[in-house]
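Hi,

Here is the structure I promised to pass on.

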Amino acid sequence: LRIAVLQERAPGENRVALTPETAKKFAALGATVAVEEGAGIGASITDEAYREAGADLGEAAAVVKDADIVLGVQAPDVAMLAGAKPGAWVAASFDPFRNGDLVAAYAKAGLEALAMEFMPRITRAQSMDVLSSQSNLAGYKAVLTAANEYGRAFPMMMTAAGTVQAAKVFVMGVGVAGLQAIATAKRLGAQVSATDVRSATKEQIQSLGAKPIFVENVAGIEGEGSGGYATEMSEEYQKAQAELVSGHIAKQDIVVTTALIPGKPAPRLISDAQIASMKPGSVIFDLAVAQGGNVEGSKPDETVVKHGVKIVGYSNTANHLAADASALFARNLYNFLSAFWDKDAGKPVLDEEIGNAVRLTQGGKVVNERLAAQ
Ligand code: NAD
């Protein structure tokens, strides 16, 4: 069985879907591993390191030739995959809801697209979940970036020249990224509060030593749909939340927003009027900027200044920690494929629960239920 890994082609993408560690592990399963020259550079991995791990290095076309499985961080264009075996698997993130054309092209090419972001949220798949591994790093980087942009310190400091007040940090959306943002801001010494539409997060916020800010006694408070994902909230709830949050935001120095709803544009959490209510010099980091943004006026990879408030957000936040992000992404892919490795067949054989969830295309057709439902 031949596993191929290409250098990522998306502009600015520094991550890579295989590390020397996972190359060795795949080889131990009996696979041949081929890597495009230079694929690891953005993640500080040399060709030599891959070679030492037993991988073959070469140009893209040679690497892909006769591949059974292609691994990617972002799914490669179909044109890059000519030469792979008919029906080859491509395990990568596809951003399927927004990339209909790419998915259709995979079907047409007879490739089997396995979308890692469709990994079901079940206990045994936790170690395979790229959304979690990348969001965790993104939550950390969001706080560091906000701290960097902020013209004041995070921790309280008592100095001979007088006291510096602790920064007030507010995290909106307490999923994987939000929890790490809270933990990071706490470590830096900030006073941290947080909110979410899922009431289950209240306890998680408290357990990290932060203050929960929650709307009480309004219909639709649960906000939790299948797989622990958020649902869209009732109008009444949204209004009550906006009022509560407005008063709170005006007193904050840093706000980190992380709210996403799968398959939908990111919910708008902060309006221009709310930005205007903040003190000049405050910083907002919008982790959802690439999905339409939680913050009015935020722009991917730009620092927007409105009413004296800096609004920041990266189109690809985990990419700013490319080495760790690659290490975790690569392990997610290894954990996924190795969990299904059939020793006799010498290849992975997916089960129905996970296979049907992640498989987008097979036998020339788009076969995914979640995509069809959209
Ligand atoms: P996400 O990235 O989909 O969304 C980020 C957060 O924003 C969520 O907590 C969501 O509730 C919140 N949000 C949405 N709309 C909002 C609004 N209007 N206002 C405020 N907050 C809003 O979330 P996620 O990081 O993927 O995590 C969602 C849940 O799934 C978590 O409980 C997480 O622990 C769980 N999870 C489980 C597994 C697993 O079991 N394998 C894997 C990953 C995540």
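Below is what I found in it.

It's a predicted model, where local features need pLDDT of at least 70, side-chain atom pairs count only at pLDDT 80 or more, and totals for chains, interfaces and linings use all residues. Residues are numbered from 1 along each chain as its sequence is written.

Start with β1 (residues 2-5), which pairs in parallel with β2 (residues 32-36) over 4 bridges; Ala4 has Ala34 as its bridge partner in β2. Between β1 and β2 the chain passes through helix α1 (residues 20-28), a right-handed β-α-β crossover (clockwise from the first strand over the helix to the second, with the strands pointing away from the viewer). Helices (H or I, at least four residues) and strands (E, at least two) are DSSP runs, numbered from the N terminus, and pairing takes at least two DSSP bridges between two strands.

Further along there's an open, mixed sheet of 7 strands, ordered β11-β10-β9-β12-β13-β15-β14. β10 (residues 191-195) runs parallel to β11, joined by 2 bridges, with Ser193 opposite Lys211.

Val90 is also worth a look: its contacts (C-beta atoms, placed from the backbone, within 7 Å) include Val70, Leu81, Tyr106 and Leu114, not counting residues up to four places away in sequence.

Cheers

Conventions
Two residues are in contact if their C-beta atoms, placed from the backbone, lie within 7 Å.
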